Amino acid sequence: MAQDSAGPGVVDKWFDRASPTYRCVIDPTHEISSMFGWVNVPSAAWIDENGKIVRSNEGVYPAETTVGFGLGKIRLGDDSFAEATRDWIERGADSEHVWSSRELAERIKPVDDDRRLAEATFKLALHFEAVGDSERALEHFAAAQDLAPDNWNYQRQGWTHKGTAYATLQILKRTSEMRKHADQSFYDPTGLPGENFRRYTEPEWLWTPAVRRLKRLLRR
């Protein structure tokens, strides 16, 4: 399920590349995140045969992923969620990674008045973007970001309205700032075995390997 206000024009190429054998969904108004309480992508929920949600996490990758940008790259993800998912598929409700209803409720981000107002403001921003009113869209994106600064879906979609390059630079800037604080990360921890909590690492530039070698020589 792809959430992007630009719709099929920017999403279809990724679906085509994956050659999926299952139904894919494009969600230009972020309805899915609203329903599941997600604030970041990629996110996933385990839903059992009875339609019950038994786990929900953000930052869930099938493996470590490398994304290139200009002269640099970033590494995202690890194998922990994929391995846990395989265990759940094999063992069902007996999997140690399944959450109880109480555990699920405890992990869902609380909703207060600011978050409710942020959600409504964000949806207005998407509306103004869809009708071509860029000025009012940017105004409402900024207001939603201020009301819910930890909602990366609001942040990214607002930044993307100014262009992909601008959004990429903003994400790199924010994540680089977070690396200065040991208790901060782009994603909330999943609590799964083998998880690399700080999965969204600092940029690796074309010259990064040479700089690392130089630092090792200087330390000697």
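In helix H7, the residues Trp-152, Asn-153, Tyr-154, Gln-155, Arg-156, Gln-157, Gly-158 and Trp-159 are buried, that is, under 20% relative accessible area, where exposed means over 50% and partly exposed lies in between (1.4 Å probe, protein chains only). The model is predicted, so local features need pLDDT of at least 70 and side-chain atom pairs count only at pLDDT 80 or more, while totals for chains, interfaces and linings use all residues. Residues are numbered from 1 along each chain as its sequence is written, and side-chain values use heavy atoms, with hydrogens and water left out.

Because eight of the nine residues of H7 are buried, this helix is largely enclosed by the rest of the structure. Helices (H or I, at least four residues) and strands (E, at least two) are DSSP runs numbered from the N terminus. The buried residues of H7 pack against helix H2 (31-36), helix H5 (113-130), H6 and H8, contact meaning heavy atoms within 4.5 Å.

The packing against H6 can be followed in detail. The axes of H6 (residues 134-147) and H7 (residues 152-160) come within 9 Å and cross at roughly 155 degrees; axes are lines fitted to C-alpha atoms, for helices over the stretch in contact, and angles run from 0 to 180 degrees between N-to-C directions. H6 and H7 are therefore roughly antiparallel to each other, a class for angles over 145 degrees, with under 35 counted as roughly parallel, 65 to 115 as roughly perpendicular and the rest as oblique. On the H6 side, Leu-138, Phe-141, Ala-144 and Gln-145 meet Tyr-154, Gln-155, Gln-157, Gly-158 and Trp-159 of H7. The residues of this contact divide into five nonpolar, four polar and no charged; Ala, Val, Leu, Ile, Met, Phe, Trp, Tyr, Cys and Pro count as nonpolar, Asp, Glu, Lys and Arg as charged, and the others, Gly among them, as polar.

A search of the whole structure finds nine aromatic pairs; rings of Phe, Tyr and Trp (its six-membered ring) pair if their centres lie within 6.5 Å, and planes under 30 degrees apart count as stacked, over 60 as edge-to-face and the rest as tilted. The rings of Tyr-61 and Tyr-187 have centres 6.1 Å apart and planes at 70 degrees, so this pair is edge-to-face. Tyr-61 lies in the loop between strand S2 (53-58) and strand S3 (65-69), and Tyr-187 in the loop between helix H8 (164-178) and strand S5 (204-205), so the pair ties together parts that are 126 residues apart in sequence. Both tyrosines, Tyr-61 and Tyr-187, are buried. Trp-152 and Phe-186 likewise form an edge-to-face pair, because their ring centres are 4.4 Å apart and their planes stand at 65 degrees. Trp-152 and Phe-186 are both buried. Together with Trp-159, the residues Tyr-61, Trp-152, Phe-186 and Tyr-187 form one aromatic cluster.

The backbone holds further features to inspect. Most residues other than glycine have a negative phi, and most peptide bonds are trans. A cis peptide bond, with omega about -5 degrees, joins Val-41 and Pro-42, and Pro-42 lies in the loop between H2 and strand S1 (43-47). Ser-19, in the loop between helix H1 (8-18) and H2, has a positive phi near 45 degrees and is exposed, with a relative accessible area of 54%. His-30 is found in the loop between H1 and H2, and its phi is near 60 degrees, a positive value in a residue other than glycine. At 4% relative accessibility, His-30 counts as buried.
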